[in-house]
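Work through the following exercises with the model open. Each one gives a task and then a stepwise solution.

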Amino acid sequence: MVEEESVLFFFCGGSELNFRRAVFFFFFNFFFFVSGDFVKVHSTATEECVHILQGHRNLVTVFFFYPNNHLQLYSFFFFCTIKLWDYIDGIIFHFFFLGHKLHAVFTLACFFFFVFVIINKEKPDVFQLVSVKLPKSSSQEIEAKELSFVLDYINQSPKCIAFGNEGEYVAAVRDFYLSVYFFKKKTTSRFALSSSKNKKHAKNNFTCVACHPKEDCIATGHKDGKIRLWRNFDDGKKYTYTCLHWHHDMVMDLAFSVTGTSLLSGGRESVLVEWRDATEKNKEFLPRLGATIEHISVSPAGDLFCTSHSDNKIIIIHRNLEASAVIQGLVKDSSISTGLMIDPRTKALVLNGKPGHLQFYSLQHDKQLYNLDIIQQEYINDYGLIQIELTKAAFGCYGNWLATVEKRQEKETELDLQMKLWMYNKKTQGFVLNTKINMPHEDHITAVCFCNAEKFENPTLVTASKDGHFKVWILTDDSDIYKKAVGWTCDFVGSYHKYQATNCCFSEDGSLLAVSFEEIVTIWDSETWELKCTFCQRAGNIRHLCFGRLTCSKYLLGATENGILCCWNLLSCALEWSAKLNIRVMEPDPHSENIAAISQSSVGSDLFVFKPREPRPLYIQKNISREEVQWGVFVLRDVPESFTSEAYQWLNRSQFYFLTKSQSLLTFSTKSPEEKLTPTSKQLLAEESLPTTPFYFILGKHREQQDEKINEALESERVQLPLTENIPAISELLHTPAHVLPSASFLCSKFVNSLLLSKETKSEEIPEDVDMEEEKESDDSDEENDFTEKTQDTNDTDLGEDIIHQLSKSEEKELRKFRKVDYSWLTVL
Amino acid sequence: MGEFKVHRVRFFNYVPSGIRCVAYNNQSNRLAVSRTDGTVEIYNLSANYFQEKFFPGHESRATEALCWAKGQRLFSAGLNGEIIEYDLQALNIKYAVDAFGGPIWSMAISPHGSQLLVGCEDGSLKLFQITLDKIQFERNFDRQKSRILSLSWHPSGTHVAAGSIDYISVFDVKSGSAVHKMLVDRQYMSVSKRKCIIWGVAFLSDGTVISVDSAGKVQFWDSATGTLVKNHLIANADVQSIAVSDQEDSFVVGTAEGTVFHFQLVSVTSNSSEKQWVRTKPFQHHTHDVRAVAHSPTALISGGTDTHLVIRPLMEKVEVKNYDAALRKITFPHRRLISCSKKRQLLLFQFAHHLELWRLGSTVATGKNGDTLPLSKDADHLLHLKTKGPENIICSCISPCGSWIAYSTTSRFFLYRLNYEHDNISLQRVSKMPAFLRSALQILFSEDSTKLFVASNQGSLHVIRLLEGSFKHLHTFQPQSGTVESMCLLAVSPDGNWLAASGTSAGVHVYNIKHLKLHCTVPSYNFPVTALAIAPNTNNLVIAHSDQQVFEYSIPDKQYTEWSRTIQKQGFHYLWLQRDTPITHISFHPKRPMHILLHDAYMFCIIDKSLPLPNDKTLLYNPLPPTNESDVIRRRTAHAFKISKIYKPLLFMDLLDERTLVAVERPLDDIIAQLPPPIKKKKFGT
């Protein structure tokens with residue numbers, strides 16, 4: 001490609017899916033949700049991601065459909081802006097600037113030019129609901145200044161605000177108060193519940209609110225698990241409420257069905273409860289959803305529900321309470337103690353998942369493959385329980401073996417350790433428990449590593465522990481008269497002056513084992529388990545240890561807690577070089593000599609990529625993350641990139657992923673996630689986004705007839721006729737919504753022209769390509785103009801499939817211009 | 001306050017009987033309550049929920065329905081097949097009419113108050129005409145297959161809804177024929193139960209029939225088409241009772257699980273006229289079946305097997321948040337069931353069908369204040385006296401000397417003479433009671449046990465001289481001309497010269513025993529008298545009323561005493577007025593004439609007339625000031641009301657001698673332990 005690349009960071013898979021309620025789109029079978037910086041569009045039928053809306057450089061607070069036009073979308077950012085855009089094409093119509101940070105935004109069909117915004121006033125915990133008049137203007141960037149106050153003393157979460165009965169009133173909850181503002185009467189009623197001070201154990205705090213779509217009824221969720229249904233609240237005195245109580249813990253979210261006949265609630269029990277007719281006796285459950293329900297949303301057609309969970313999961317549920325699809329992101333519920341690993345077989349990222357599980361996460365498809373239950377015990381979700389933790393895991397022998405370590409520590413002296421060894425079963429395509437070792441060490445295990453060298457026919461595993469020993473485990477024959485079997489036994493126990501073993505690693509060829517004992521690195525011969533030599537730099541405990549690869553295999557690298565990176569030469573047994581660097585993560589690329597190190601400073605984390613043989617880094621990227629980076633891993637690329645610039649060559653074969661403390665997974669890439677979507681899902685979008693309108697039928701028939709004609713023509717005249725889908729003008733015409741298209745008379749000639757055969761295709765092909773690339777560059781430089789992405793994409797596929805272009809360049813440009821036309825007439829509608 | 005040795009008596013094994021029916025009368029704001037033993041009690045809701053009247057029960061007369069008719073007439077019907085009208089003045093049964101349809105399960109008075117309809121065991125509905133002094137059978141409605149368990153008139157009086165087993169019928173009153181028959185689903189939590197019993201129906205003016213049944217459902221039916229409109233499943237057990245407010249904007253149902261549910265008619269949206277019934281609040285004030293509910297304009301009233309009468313005010317209907325807005329739970333009768341012989345330290349306990357005589361235990365030990373002294377001699381159960389016949393005991397009394405016991409049922413008066421020979425007791429009935437001594441509402445012995453005073457239900461007071469083993473009728477005070485009100489409270493002065501008697505509403509009459517004539521009448525007061533007593537020496541009459549006011553009236557001077565005037569001028573402490581049980585007994589300390597001892601169910605109080613009265617700023621329920629405080633502070637904080645709340649629920653407290661008190665408690669837990677087990681409910685976390 002072109003030599004000028006810029007490496008960008010992208011959130012990859014690790015973005016939170018459960019940040020806000022998902023929004024359904026009723027016309028097509030899509031639903032939308034916020035995923036980090038993007039808004040993702042998934043098909044409800046196939047759960048496949050079909051579209052990613054980009055163009056947000058920071059947190060999307062919430063998004064809504066333009067009330068009267070469902071092809072337009074509002075998205076809102078924490079930092080003072082509102083965008084109105086056509087989400088299918090990604091065209092931004094308007095920016096609205098507000099002088100406040102937006103915590104949540106609401107739109108209503110009956111308040112056409114108003115949006116309701118939660119902003120906070122000077123004090124950090126004082127929030128207000130205000131209505132903002134969006135001024136009519138043709139310009140793209142508009143400053144919205146007309147704020148009018150609606151309610152104060154509210155919560156910042158959008159779950160605590162609900163609009164009821166077609167915008168008759170708005171209900172807001174906070175602490176022990178329910179406030180209702182009536183738009184017509186312009187009055188506020190406030191209802192208070194007794195606070196916990198008065199009553200013992202009464203946790204009456206409001207947690208969420210929902211309004212009945214048809215009736216004057218407000219449902220509120222409470223901290224003690226009660227749901228109250230308020231009625232008659234337009235009279236401050238005659239108000240009445242009824243209680244529904246099933247949840248034993250806080251009600252996280254509430255939603256009414258479209259007709260209002262049933263109420264959905266969810267909480268930490270991970271059970272979706274449907275209250276039919278709002279009666280206590282008539283309730284249905286959908287249990288075992290896996291994790292705390294954070295949000296519930298209902299599709300406008302009423303046939304689907306959607307719950308988002310604390311483990312970064314979205315479940316689509318049918319009206320009859322059957323889960324139909326699960327969209328699982330990277331599970332973020334637990335702390336990551338295993339680190340990031342790559343399963344050699346599936347090339348999936350492996351790390352802690354659900355409690356007691358290892359998750360296998362496909363980076364290519366940005367979705368979870370499966371969870372492997374390691375602890376194999378029922379997880380009891382309650383505060384204050386000491387759970388068994390999965391602390392270490394390692395893959396060995398090309399993914400044939402998996403070693404896991406789990407621990408449970410109730411008191412200082414009562415440590416319970418267990419090591420499990422899992423063998424990959426080709427028949428079942430999964431890991432099967434082979435050996436379980438109780439208390440493999442007396443104290444915490446600090447490192448587990450397999451010897452991955454090819455010459456070792458016998459799988460070998462080394463564990464290092466705080467008890468001062470490292471143990472070598474080998475696979476032995478465990479057959480008896482009943483069956484042939486293999487099992488793991490301890491082969492050697494090593495120690496060094498009763499120091500705690502902190503790290504261990506094998507050299508690339510497996511001949512040497514390096515074990516660090518606090519400040520000292522010991523080198524052992526893996527044949528005889530003899531201590532060969534020791535290195536000691538007196539620069540603090542060794543935090544990371546690794547051997548160099550390939551041409552640098554004679555080097556051993558160690559990073560200490562005092563911020564020194566040392567490189568020893570194993571041939572001379574001397575320190576080659578050392579550098580002062582406070583290293584948090586050190587990760588060797590298994591397929592090159594490169595080693596990535598992430599250092600932590602007060603301002604942020606910096607990335608250094610270097611080869612052990614030279615102390616000068618290949619590549620430095622400052623400030624890759626504001627927070628602490630906890631883990632990193634190199635992943636081999638499917639298709640090697642060809643960066644020519646020396647600084648990026650380390651990214652050619654591998655990709656570096658890293659995980660920050662807030663468990664967002666980041667990577668270095670030049671591609672946007674939209675491009676990474678597989679072509680199949682793209683096609684899915686094209687097909688499904690065509691509504692079954694009369695126009696579709698006519699056009700569909702027309703196309704079929706044309707196809708037949710083409711076939712006939714092919715046979716008879718042997719002239720290549722392009723398919724209609726492949727003509728950009730037509731596909732654009734079809735993919736652009738009708739309301740942004742120019743008049744039909746204007747398009748007609750272009751449309752007909754595009755169906756004609758052009759004769760100079762071959763001669764024009766080469767210069768056209770160049771043109772397009774130039775344009776692409778200009779697109780890249782203009783960061784805000786994301787709408788060209790799509791055409792760019794079609795171009796790519798065109799290039800790949802080598803299809804003859806029928807439209808001249810100038811014509812195409814002209815068509816594109818129509819799309820850039822001023823759309824101010826839209827606001828007049 | 002002084003130190004006392006207290007006999008803490010807990011062996012009074014009294015269990016009130018369960019509430020079966022509740023009927024609320026809007027005009028007089030009175031509540032009629034019938035219990036499973038046939039007792040009917042009248043509560044005056046305006047007078048601090050005081051139980052002003054009661055009609056003793058009868059073994060065979062289990063009431064199943066209770067109704068108020070026009071002109072404050074009270075009717076009941078029961079399983080003996082009789083319709084009974086009560087005389088609320090004379091406190092007796094006016095007449096009983098047999099409906100000839102087997103046991104009567106339900107009864108309803110027409111909205112105009114002129115007709116009475118009963119539903120019988122044999123499935124017949126019988127219409128009676130209410131005449132001025134009787135009821136007259138009019139005709140039968142179409143006979144149904146099974147018993148009619150519930151009845152409700154349409155407010156226009158044209159139709160009647162009748163709940164039976166498995167179906168509800170709607171009758172046209174004019175023709176007496178069934179217009180609709182609405183079958184009720186037998187399914188109960190998807191299990192087919194054998195029968196679905198319609199425990200209650202309510203007919204609303206818009207034609208809606210609300211039914212409650214044994215499958216736990218509250219159902220709304222359209223009586224015009226006979227179709228089910230809405231179904232609320234609210235309980236896993238029977239829903240047993242229903243009551244609708246007069247405005248028809250709310251109703252209340254009671255379930256066998258002890259929960260009372262409130263339903264309200266709520267507009268669907270604020271700007272539409274469409275309204276719907278919504279279940280709003282559940283109230284769990286009962287542990288057992290809620291057999292009866294009533295809906296007063298401002299409160300929900302419920303009663304059931306657990307014997308409590310619960311009055312739950314509706315907050316939105318209460319104008320000011322005063323003490324009427326608080327929940328009331330009435331468990332114990334507002335009259336005395338215990339009498340005491342001070343001389344022999346005997347207690348006489350009155351039960352529905354027997355009397356028990358106990359001798360108090362004694363101790364020789366001494367101790368500090370607050371110590372529990374070990375008994376050297378246990379309390380003795382001396383006597384168990386069963387009544388003859390099915391009637392309940394109305395009242396009983398033991399003479400102060402302990403040698404006489406008198407009790408009365410509705411039809412007979414009994415007097416016994418007790419002889420003590422060492423440890424043995426012999427009982428001898430005094431025979432040949434005069435004909436006029438048939439039924440007594442209150443019996444009292446004079447302090448020297450030589451005279452017996454009997455308040456009969458005709459309004460007359462009989463004075464009888466007691467001799468060894470015989471008696472002599474001295475005099476009968478006839479009621480004031482024109483009134484037929486019965487006297488229910490009596491008090492005699494310790495010197496035996498004065499007798500005070502009070503009815504339910506009119507003032508207290510004071511009679512001179514020596515001259516056998518009416519001495520004076522204490523001016524009548526708005527609230528009924530709950531307790532009466534005459535102080536020794538001064539002959540001051542102390543009167544407690546149901547609004548918690550206490551008056552002191554000097555009989556010789558025929559006027560209120562100075563202290564009484566002072567306290568009326570200053571007013572009682574607000575906390576004193578907010579107590580929710582009436583004072584049931586007043587007594588005096590023989591050596592301290594300034595002290596008045598009185599108690600209600602939850603406190604015991606000594607009023608020291610010599611001390612200043614408390615105002616609203618002072619602490620009413622002050623704990624005893626520690627003795628090490630200086631005298632000045634003690635004097636400053638002391639006020640006339642010394643209140644002790646150690647003993648509760650307190651049924652009786654009296655002074656045995658100068659230093660000894662007897663307190664009879666009846667812990668609620670002991671009552672609950674004797675009730676049938678409630679429906680078992682799964683409770684989360686247990």
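A salt bridge is a side-chain nitrogen of Lys or Arg within 4 Å of a carboxyl oxygen of Asp or Glu. The model is predicted: local features need pLDDT of at least 70, side-chain atom pairs count only at pLDDT 80 or more, and totals for chains, interfaces and linings use all residues. Residues are numbered from 1 along each chain as its sequence is written, chains are lettered from A and ligands numbered from 1 in the order in which they are written, and side-chain values use heavy atoms, with hydrogens and water left out.

**Exercise 1. Salt bridges within a chain**

Task: Describe the salt bridge of Arg147(B) with Glu121(B), then the network that contains Glu274(A).

Solution. 
- Step 1. For Arg147(B) and Glu121(B), the closest N and O atoms are 3.1 Å apart.
- Step 2. Arg147(B) sits in the loop between β13 (135–140) and β14 (150–153) of chain B, and Glu121(B) in the loop between β11 (115–120) and β12 (125–130) of chain B, so the bridge ties together parts 26 residues apart in sequence. Arg147(B) is partly exposed at 28%; Glu121(B) is partly exposed, with a relative accessible area of 28%.
- Step 3. In chain A, salt bridges link Glu274(A), Arg276(A), Glu284(A) and Arg319(A) in a network. Within it, Glu274(A) and Arg276(A) meet at 3.0 Å, N to O. Glu274(A) is buried at 1%, whereas Arg276(A) is partly exposed at 29%.
- Step 4. Over all chains, the search finds 33 salt bridges.

**Exercise 2. The interface**

Solution. 
- Step 1. Buried area is the accessible area (1.4 Å probe) that two parts lose on being put together, summed over both. Chain B and chain A bury about 1,800 Å², 48% of it on carbon and sulfur atoms.
- Step 2. Ser270(B), Arg279(B) and Glu316(B) supply 25% of the area that chain B buries against chain A, more than any other three residues.
- Step 3. The contact (heavy atoms within 4.5 Å) takes 21 residues from chain B and 20 residues from chain A. One salt bridge crosses the interface.

**Exercise 3. Nonpolar cores**

Task: Which members of the largest nonpolar core touch the most other members?

Solution. 
- Step 1. A nonpolar core is a set of buried Ala, Val, Leu, Ile, Met, Phe, Trp, Tyr and Cys residues joined through side-chain atoms within 4.5 Å.
- Step 2. The largest core has 35 residues, and Leu74(B), Phe413(B), Leu415(B) and Leu452(B) touch the most other members. Strand β40 (residues 440–445) of chain B gives the largest share, four residues.
- Step 3. Apart from this core lies another of 23 residues, including Val542(B) and Trp576(B).

Terms used. Buried means under 20% relative accessible area, exposed over 50%, partly exposed in between (1.4 Å probe, protein chains only). Helices (H or I, at least four residues) and strands (E, at least two) are DSSP runs, numbered from the N terminus.
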